[in-house]
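Subject: Structure for you to look at

Hello,

Here is the structure I said I would pass on. Please open it beside this email and follow along as you read.

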Amino acid sequence: MTVPSESVAEPDGKWRRRPAPAVPAAVALLLLAACGADSGATDVGTGRAEPITLYTCLSDQSIQPVIEAFEARPDGGQVDLFRAPTGELNARVAADARSGGLRADVVWGCDPLTVQAFVDQGLVGGWTPPGADTVPVEFRTRDYVGGHVLYMVAVHRTDTAAPRTWSDLAEDGYTSLAVPDPAVAASALGALGWFAAEPAYGVDFFERLRARGAVQVSTPDAVTTGVAQGIYDAGITIANSAYAAKEDGSPVDVVWPEPGAVAVYGPLALATGSADSDVAKSFISFVVSEEGQTVLGASGAYPTVPGVEGPTVPPGAPVVSPDWAAIAADKDAVLAEYQQVFGG
Amino acid sequence: MPSGGPPAVARNVALGGVLAVVAVLVVLPVLRLAAVLWWEGGDLHRILASAAVGEAARNTVLLAVGVTGAAVPIGVVMALTLRRPDLPGRTFWRVAVLAPLVVPDFVLGYSWTQAYARAGFTDTALGWHWAGLLGPRGVWLVLVVNAAPLVYLVVAVGLAARAEPDGELAARVSGAGRVTALRTVTLPLLGPAVAAASVLVFVLTLGTFAIPQVLGTPAGFSTLTTRIYAGLSIGGDPASFLEAVLLALVLVLVAAACVAPADALLGPRLRTTRPADVQAAQVVPGPAAMRRAQATGLAGYLFLTTALPLAALSLASVTRALGVAPTPANWSLEHFRQVLTPRTLEALGRSLTLSVVAASLLVLLGALVAVGERRRSGRAMGTLVVLTLVLPGSTLAVALLITYGRWLSGSLVLILLAYLAKLWAVAHRPIAGALDRLPADELFAARASGAGPLTAVRTVALRPMAPALLGAWLICFLTALHEVTMSSLLYGSGGETLAVVVLNAQELGRVGPSAALSVVLALLVAVPALALWWAARWARARGVARTAMSPREVPGVR
């Protein structure tokens, strides 16, 4: 009926094979393998240690200077980077765990819930650097230490009144508001956890926002984009995102509302399979050292170590920290209550 | 049917080879996902019984049906309209309708909000905005507009390969009206192409993520893909991961349940066997008033659905910040400076290589499935390759990592496998829709008449199939060039693709640089395409001139 493309008829009726499709396919694969990803080769002969692999969701703009500074140190080593948003990072870790084990030596997450889940699965944890006590106690555990902080703040149009407190967002003056989805963004879940546990707010706060016409978008960045575009008057987002839009020239302003911007820290954890890696331990130690935190602060991320200069924090800006252990324990119940309001 | 043909051994080896690739790219990854559920269990019944999942599943299927129901007629009408050589400005329109294909989905969603949402173009200029854009109606419309060019391309390819202008002419000469000729001659011949386009749009809509996420979430409109993304996103929690895997497999089952019966019942009935010769007869011209009305209608549609949103996107690429007026005072090339760095240029080379290799292999694989599925033993292949098309990119990447990550994690080969698995059906369907032009008898006749193997393939097989092969290659190339979801999950150190580098470099996903990336990609595609078109036109004009001067110098001209 039809002719398979591998063979064509000779005039004498016999069949002669043409090159199988597998041949160009194999050539293409070899070509890609040759010109593609890192070969994984070590610096043989240079005396330098094996490279380590870092998985992180920290922005490229912030992580690259930190890696450069670490690699230049005498106790440093090559760092192979996999950087992706939290969702993709989680998916990669989940896939690694089911195909031979985590392929990272260090995981630098963007929220404690994610990293705690990795600890619970036995993928990371069990070690923090000796100098970790310079990091405030609310930003570390025995399994990981905070490398940077995200602050959940309010962003608003410059032609709209600035909210002084979080409650102000639920008052007159805002015809449209946006909040990030706590089922997608861990920073939003941290904020939800803090509001839910705070007697003056509770999940009722979100009900009042909803009654004011608030809508739920996916991520804090989507909140910033919508407010900057003018689709929404104000919203809840992360400080880096809001300040970036403001510095670009978008007509927005940033408020750290009373009783405080919600702090969500990004933990660094050593992979359990890399417990003997000196380079991996050196890297974590470097990040939480004053030198590492200074590099991080200059690159646009908020440091965890007090006194180290970082991006914009208004003088006297209030900050609150969620109880992460309580959020982890109540996550499903709080989310279910919240989703009665916004769906999902 | 012809008695001649390759020996049974050769046929079986060929079929076995294709089935092996199907197993590697489709069956094993899907089975590995199922194995994860099987071994790790979880409260699957609770997840499936939840009202939210039920609502998401209902939304997903209704959306797929609604988008297919609207995009297919629009694409068919566009293809039939643009087939007419007497349509004013036809060349321009043929390029313009394809414009949405070079824009990544999430940027397209943004461009619509910039054009039609509150504080968008129309709100600023006319004081009118469309409140329904952020919600199911907006998701539906943008998906329809996004899918219509794909339908157009598949049907146009089908028209180029399958149309029988002589048949239409004969019908008209015999007294049939325009509509009757269309209904009784043209559309029945287009059946396979329309079926191919319908399956593609239906499955792509089932698996679409970015536009429902950008436009649907604010209205609380969820689909299975947005729930899958949430499951992968939150907390690294094994239960959430299992929910995401389960929902992805539900999507696979829904796609299989819809596509398998359609393929089994419809596929063989739509096929015919016709001569490979591409007929040179012209389409019967229509009245001038109709041509003008068609051109005006097309212009209006493209202005509202393509030009305005893409103008908003282009302006966003040169406007220094979101929310400021896109006037020259606020223009800047900063976003392009951020996109065009040495790192991105290096990644561009990698992306171009990947896209060209992927598109070329996909055309080959698509053609093999199109041929193989016509045999009884290979009939299910066409349906099987749809299963990885419906998987959201993130889930497919996870499936490939779990299956092959031990050996290929972090390599470009794994990204290539992901592109092949994701886009195989996209390459296969247009080729299958045009395969009637490849009757085996004529290939045998050419070989029996002394033509070498390459000459026989080039002159008998490639000529009538060229539009379909080129169309399939183009769709795969464009999609692979700006693909980001799978590559952002699969890349290794030093192996980033262009979209990964650009999106990684953008602190907090700012829209301006992403818009600049889209413009760069569009130019990357448009400039060589225009150069090629120009060269082809020049060569044709030169050929015509030579023919006019000395017909006997041109082979085949008597």
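This is a predicted model: local features need pLDDT of at least 70, side-chain atom pairs count only at pLDDT 80 or more; totals for chains, interfaces and linings use all residues.

**What was found**

Ala119(B) sits in the loop between α5 (105-116) and α6 (121-126) of chain B. Its phi angle is near 70°, a positive value in a residue other than glycine.

**Chain B as a whole**

Chain B has 24 helices and zero strands. Of its 558 residues, 53% count as buried. Among the contacts in chain B between residues at least 6 apart in sequence, 80% join residues at least 24 apart.

Chain B is divided into domain 1 (58-222 + 287-317) and domain 2 (330-505). The C-alpha centres of these two domains of chain B lie 23 Å apart. Where they touch, domain 1 of chain B brings 22 residues to the contact and domain 2 of chain B brings 24 residues. On the domain 1 side, α7 (136-162) and α9 (178-206) of chain B each supply at least two residues. That side of domain 1 of chain B divides into 18 nonpolar residues, three polar and one charged.

Where is Val501(B) found? Val501(B) lies in helix α23 (residues 498-505) of chain B. Is Val501(B) buried or exposed? With 24 C-beta neighbours inside 10 Å, Val501(B) counts as buried. Val501(B) and Arg343(B) are 158 residues apart along the chain, but their C-alpha atoms are separated by 7.5 Å. Leaving out residues up to four places away in sequence, Val501(B) touches Arg343(B), Thr344(B), Ala347(B) and Glu496(B).

**Chain A**

The domain assignment of chain A gives domain 1 (52-148 + 264-303) and domain 2 (151-262 + 318-342). Taken over C-alpha atoms, the centres of domain 1 and domain 2 of chain A are separated by 27 Å. The contact between them takes 11 residues from domain 1 of chain A and 12 residues from domain 2 of chain A. Helix α4 (residues 112-120) of chain A gives the largest share of the domain 1 side, four residues. By class, that side of domain 1 of chain A has five nonpolar, four polar and two charged residues.

The axes of α5 (residues 186-197) and α11 (residues 324-342) of chain A come within 10 Å and cross at roughly 85°. α5(A) and α11(A) are therefore roughly perpendicular to each other. From α5(A), the contact is made by Leu189(A), Gly190(A), Leu192(A), Gly193(A), Ala196(A) and Ala197(A), and from α11(A) by Ala326(A), Ile327(A), Val334(A) and Tyr338(A). The contact of α5(A) with α11(A) has eight nonpolar residues, two polar and no charged ones.

Which two residues does a cis peptide bond join? The bond joins Glu258(A) and Pro259(A), and its omega is about 0°. Pro259(A) is found in the loop between β10 (252-255) and β11 (261-270) of chain A.

Glu291(A) lies in helix α10 (residues 290-298) of chain A. Glu291(A) counts as partly exposed, because it has 13 C-beta neighbours inside 10 Å. Glu291(A) and Arg212(A) are 79 residues apart in sequence and 46 Å apart in space, C-alpha to C-alpha.

In soluble globular proteins, nonpolar side chains tend to be buried together. Here the largest nonpolar core has 293 residues, and those with the most contacts inside it are Val106(A), Val151(B), Val155(B), Val203(B) and Leu420(B). α7(B) gives the most to this core, with 19 residues. As for Val106(A), residues up to four places away in sequence are again not counted, and among those it touches are Ile52(A), Leu54(A), Leu268(A), Leu270(A) and Phe283(A). Ala271(A), Ala280(A) and Ile284(A) also touch Val106(A).

Regards

Methods. Residues are numbered from 1 along each chain as its sequence is written. Chains are lettered from A and ligands numbered from 1 in the order in which they are written. Domain bounds come from an automatic or database domain assignment. Two residues are in contact if their C-beta atoms, placed from the backbone, lie within 7 Å. Ala, Val, Leu, Ile, Met, Phe, Trp, Tyr, Cys and Pro count as nonpolar, Asp, Glu, Lys and Arg as charged, and the others, Gly among them, as polar. Axes are lines fitted to C-alpha atoms, for helices over the stretch in contact, and angles run from 0 to 180 degrees between N-to-C directions. Angles under 35 degrees count as roughly parallel, over 145 as roughly antiparallel, 65 to 115 as roughly perpendicular and the rest as oblique. A nonpolar core is a set of buried Ala, Val, Leu, Ile, Met, Phe, Trp, Tyr and Cys residues joined through C-beta atoms within 7 Å. A residue is buried if 20 or more other C-beta atoms lie within 10 Å of its own, exposed if 12 or fewer, and partly exposed in between; C-beta atoms are placed from the backbone.
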